[in-house]
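This report describes the architecture of a chain and its contacts with a partner chain.

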Amino acid sequence: MTKNITCVACPMGCGITVEIADNGEILSVTGNTCKRGDAYARTECTHPERSLATTVRVDNGMTNVVPCKSATALPKEKIFDCMKVINTARASAPVKIGDVLVENILDTGVNIVATNDCPVK
Amino acid sequence: MLNYDIVVIGGGPAGMAAAIKAKECGVDSILILERAETLGGILEQCIHTGFGLHYFGEELSGPEYAARFIKIVNEKNIEYKVDTMALQITGDNKVYAVNKTDGLIEIQAKAIILAMGCRERPRGALNTPGTRASGVMTAGTAQKYVNIDGYMPGKKIVILGSGDIGLIMARRMTLEGAKVQCVCELMPYSSGLTRNIVQCLNDFDIPLYLSCTVIDIKGKDRVEGVVIADVGPDRKPIPGTERLIECDTLMLSCGLIPENELTREVGIELDNVTSGAVVDENRQTSQKGVFACGNVLHVHDLVDYVTLESQTAGEGAANYVLGNVREPDYITTKGVNGVRYIVPQKIDLKNEGDVKLYFRVGNTYKNASIVVKYNGAEIIRRKRPRLAPGEMENVVIKNDVLKTFSHDGTIEIGVEE
């Protein structure tokens, strides 16, 4: 079967066609204009992943929350479960950009890291 | 009165990139004025990733992208005043500003770089009928509530307008547990990036209704619902297609308007289509020594392009201050056949380098060509598999081609299907 997907690896948004055999093997990837697109298409058709960006509560910070992201992409089906974990986490000011706020979230091997500084109030 | 070689109005990505570039070009006396409490501009609340792929070759969040420039501003000891509002610029390049510690500040600048960014089109500008219930806000305002202040502005959301901020907020609100009922777009296409439709709407089964708009807002104290209706080719609601969608919040993502009050007041020539200043290839406006860059000049879809444009403006301002200027010999640029606008609007024929022209189309096209003509003669033709209003295009006019032009000519860019 063939699957038509839109690449989300960059803002170009290339339309990619993936040919998949009955046993799930990927036969061909066409329409992408870079290597990242090829990788995205293969992942999307076998085990879709998304990066996650959200916020973590901060105690004693200049702002109530500090932005964070998954250091690498997470399995797409675990995104909402990851949100639950992140929404119970708390950081303590000062937070520095790159600080690990949740380690190895849901045993995915992926850390949730701060994407901005949050100085003390 | 203070004296600076260059005053930069706005400390977002445009202002920082311009200031850094001007410093690298040899101008030491630079002051950035920023209205908010920190440098960084709107990037500070854009916590999603997708910034920097072109410029840094990696995918950063907004605050991370900003942080890289804030660090350089500090390392290069570029002066800045935060919490400071620029009030006026004058015809002799003075800047008036105000803040809590200095009071009213008068600054004589040799050059001014306008980098004030843009703001969202509000409900009042849309003339959406309905009650004055609370719960109607722009998507960017909601983004600040959630990402900076840390609270949810609503539980059941309708989003009007499918610009990128609206799409990003549809995902953000969904991740935080809200129910996004739908996104309505007046036009038959989305003005947002395709990838945002995929990863912000399709991933979460949020419906996108094209050629559809909000015609009434219901609710007394709080929004209780909105009436949406399909629109015809004339963009007027089609009777009989009205339906009520229950919601407590209506978010508006209906376009961005460059914030050009200072520019307009001093009489700098503005472009009716971009709502930004008319500039040359150095991003100099019609007032000598005043440059403009970033979203105050024209609304960009990628911050990476803002950075590049602002470096051009920063270099232009530095050259102006250092006296590396000549009397220009301008030709003009003009969008035709589906091209809405081109920036820069004029090019100095004495320019020593290549000139990149940025432009936007007014409709979606498949397998079309971009055709560049000088005084009617074709000079460049480029095939494009896809063209969309939401995605800025560019072509480069090589210097050897530029040198063949004579003054008073016009470069036209158009689409051929």
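## Secondary structure

Helices (H or I, at least four residues) and strands (E, at least two) are DSSP runs, numbered from the N terminus. On this basis, the order of elements along the sequence of chain A is β-β-β-α-β-β-β-β-α-β-β-β, with two helices and 10 strands in total.

The model is predicted: local features need pLDDT of at least 70, side-chain atom pairs count only at pLDDT 80 or more, and totals for chains, interfaces and linings use all residues. Residues are numbered from 1 along each chain as its sequence is written, while chains are lettered from A and ligands numbered from 1 in the order in which they are written.

## Domains and overall dimensions

An automatic or database domain assignment divides chain A into domain 1 (2-46) and domain 2 (53-114). Along the principal axes, the C-alpha atoms of chain A fill a box of roughly 55 × 30 × 15 Å.

Of the 121 residues in chain A, 34% are buried (20 or more other C-beta atoms within 10 Å of the residue's own, with C-beta atoms placed from the backbone).

## Contacts with chain B

Two residues are in contact if their C-beta atoms, placed from the backbone, lie within 7 Å. By this criterion, 20 residues of chain A meet 20 residues of chain B. Strands S5 (53-59) and S6 (65-70) of chain A each supply at least two residues of the side that touches chain B; S5(A) gives the most, with four residues.

Note on methods. A residue is buried if 20 or more other C-beta atoms lie within 10 Å of its own, exposed if 12 or fewer, and partly exposed in between; C-beta atoms are placed from the backbone.
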